[in-house]
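Notebook open, model loaded. I'm jotting down a few look-ups as I go.

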Amino acid sequence: HLYRHIMMAHPKTKAFFVLSKESPDWNRLEAEGFRLIAHNSPEFYIALTQASALISSHLDGFITDPLPWGLRRYRNWKFVFLQHGITKDDMSNWFNSKDISLLVTASRQEHADIGGLSSPYTVTPLEVRLTGMPRHDRLRDAATAHKNRVVVSPTWRKSLAEAEPGLSGAWRAHADITDSAYFQAFSSLIERLSSPGNLPAGMGVAFLPHPSMNGLGEAMQALHPGMELLTWPDLPFAD
């Protein structure tokens, strides 16, 4: 949504959108006019050496420091962290290890916790902005097309996940996740929602697990076969 805004409001800005060439969204965004660069391609690294800003909603190391060791002397950009949700816990140890030039927050409490003068974060009110969450407005508008179902989409738990072998930044749910309080709580919620009389006639329940909890959806559907299982490749993330 930020990139669309840049395209429309600042068309002379030389901005690129980085995306895996294998992404199912590549052709759709390219047709829309996005100036795409394939992640980890030669063009990607060339663009980074010339960039004045690197903007992302994530803070993982392969995002904030993507250049190979031999090219790191060309790192001249400012890193802008859009976040991707409300930070409710103290993440200062992680945030403070990153060189963040600008960070957005979505609520007054979050803004005070992170950008306040007495906060444990090294970013100051000069680097923290209270912007709200513009994509939430788009989500609200898009919800009108899905009035026939309740979508349950919980965030992930790192303690219940493990790294995917050979995939940088990719995670999947533990094989024994069904024993966790996390799984049982959402299973109970789906059970209650699916019970007769708890939802209006004609409305169903869908479950969309976090991308870092691959395998969770199948485990949940095994207990609730009447539940619709959604997957992220079926949903255009930037629509």
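Which side chain does a polar contact of 3.4 Å join to that of threonine 64? I found lysine 98 there. My cut-off for a polar contact is a pair of N or O atoms within 3.5 Å; within protein, one must be able to donate a hydrogen and the other to accept it, and residues adjacent in sequence count only if both atoms are side-chain atoms.

Ground rules: this is a predicted model, where local features need pLDDT of at least 70, side-chain atom pairs count only at pLDDT 80 or more, and totals for chains, interfaces and linings use all residues. Residues are numbered from 1 along each chain as its sequence is written, and side-chain values use heavy atoms, with hydrogens and water left out.

Entry, threonine 64. I also noted a 3.3 Å polar contact between the side chains of threonine 64 and aspartate 65. Threonine 64 is buried at 3% relative accessible area (buried is under 20%, exposed over 50%, partly exposed in between; 1.4 Å probe, protein chains only). Beyond four places in sequence, I listed its contacts (heavy atoms within 4.5 Å) as Leu54, Leu59, Arg75, Trp77, Phe79 and Lys98.

Entry, aromatics. I got ten aromatic pairs in the structure. Tyrosine 182 and phenylalanine 186 make an edge-to-face one, 5.3 Å centre to centre with 65 degrees between the planes. Rings of Phe, Tyr and Trp (its six-membered ring) pair if their centres lie within 6.5 Å; planes under 30 degrees apart are stacked, over 60 edge-to-face, the rest tilted. Tyrosine 182 is buried at 9%, while phenylalanine 186 is partly exposed at 22%. I also logged one aromatic cluster: Phe79, Phe81, Trp94, Phe95 and Tyr121.
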